[in-house]
Amino acid sequence: MDRTDTSRLRKHLMSDPSSPHPQTAGEIDIATHAILAYSSEDPDHPLEHLIDGHFGRGATQWASGRPNATESIVLEFDQPQRISRLIYEVEECWQERTQEIRVEVSADDGRTYRQVLAQDYTFSPQGATFQHEDLQLDLPALTHLKLTIVPNKGGSGVATLTSLRLFA
């Protein structure tokens, strides 16, 4: 019988995958550094879910309160922010659809925006159901960051986002 010395074993109990995660170094606390303006929300999936620290599969999520409507979420920063990294996630397990997400930024108090990302994600209950996007950026002195979500290009659906994280 093989006996292994386990006295030096390092271990920890894995937590619930949707439990809040601690902030990572350089992460911006969006709730204390910005006002979030939005076009709609489902009362069961409010905007707070987008920045509640839950991310990954099965996490809470923001959802639009209107089907088949393009939605906008704008972060209006209290002070200009340098953004070096943006992470967001989308999960769709129930409906086949193609959701588009556009990210635009402004350095002049929202008077003008420039697009930094336009991405389509195709979801299928039998295939891809989760998307994690991690963008390395160099965006100094932003006053606004705008997300535009088209829920289903060429079909029906509700706009959703699971999480949003920003890093200085």
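Start by selecting strand S8, residues 163-167. Strands here are DSSP runs of E with at least two residues, numbered from the N terminus. Five of the five residues of S8 are buried, so the strand is largely enclosed by the rest of the structure. Buried means under 20% relative accessible area, exposed means over 50%, and partly exposed falls in between (1.4 Å probe, protein chains only). Show the side chains of S8: Ser-163, Arg-165 and Phe-167 point one way, Leu-164 and Leu-166 point the other way, and all are buried.

A word on what you are looking at: this is a predicted model, in which local features need pLDDT of at least 70 and side-chain atom pairs count only at pLDDT 80 or more, while totals for chains, interfaces and linings use all residues. Residues are numbered from 1 along each chain as its sequence is written, and side-chain values use heavy atoms, with hydrogens and water left out.

**Next stop: strand S3**

**Across to strand S4**

Now select strand S4, residues 97-106. Nine of its ten residues are buried, so S4 is largely enclosed by the rest of the structure. Which strands does S4 pair with? One is strand S5 (residues 114-123), which runs antiparallel to S4 and is joined to it by nine bridges. Another is strand S6 (residues 130-150), also antiparallel, over seven bridges. Click on Arg-102 to find its bridge partner Ala-118 in S5, then on Ile-101, which stands opposite Ile-149 in S6.

Stay with Arg-102 for a moment. Its side chain meets that of Glu-100 in a salt bridge (2.7 Å, N to O). A salt bridge is a side-chain nitrogen of Lys or Arg within 4 Å of a carboxyl oxygen of Asp or Glu. Arg-102 is partly exposed at 24% relative accessibility, whereas Glu-100 is buried at 14%.

Side chains of opposite charge can pair when their charged atoms come close. A search of the whole structure finds seven salt bridges. Select Asp-138 and Arg-82 for another of them, at 3.8 Å from N to O. This pair links distant parts of the chain, with Asp-138 in strand S6 and Arg-82 in strand S3, 56 residues apart. Is Asp-138 buried or exposed? Asp-138 is exposed, with a relative accessible area of 58%, while Arg-82 is partly exposed at 42%.

Then move to Asp-134 and Arg-85, which form a salt bridge with their closest N and O atoms 2.7 Å apart. Asp-134 lies in S6 and Arg-85 in S3, so the pair ties together parts that are 49 residues apart in sequence. Both ends are partly exposed: Asp-134 has a relative accessible area of 33% and Arg-85 has 25%.

**Two residues with positive phi**

Find Asp-109 in the loop between S4 and S5. Asp-109 is not a glycine, yet it has a positive phi of about 60 degrees. Asp-109 is exposed, with a relative accessible area of 52%. Then go to Ala-141 in strand S6, where phi is near 55 degrees, again a positive value in a residue other than glycine. Ala-141 is partly exposed at 41% relative accessibility.

**A buried loop residue**

Select Asn-152, in the loop between S6 and strand S7 (160-161). At 13% relative accessibility, Asn-152 counts as buried. What does its side chain reach? The side chain of Asn-152 reaches the backbone nitrogen of Thr-98 at 3.2 Å. Not counting residues up to four places away in sequence, Asn-152 touches Gln-95, Glu-96, Arg-97, Thr-98 and Gly-157; touching means heavy atoms within 4.5 Å.

**Last stop: Leu-36**

Finish at Leu-36 in strand S1, residues 34-38. Leu-36 counts as buried, at 19% relative accessibility. Show Ile-30, Leu-47, Ile-51, Val-74 and Leu-75 to see what Leu-36 touches, again not counting residues up to four places away in sequence. Finally, draw a distance from the C-alpha atom of Leu-36 to that of Ile-73: the two are separated by 6.8 Å, although they lie 37 residues apart along the chain.

Note on methods: Helix = DSSP H or I, 4+ residues; strand = E, 2+ residues; numbered from the N terminus. Pairing = 2+ DSSP bridges. Polar contact = N/O pair within 3.5 Å; in protein donor to acceptor, adjacent residues only side chain to side chain.
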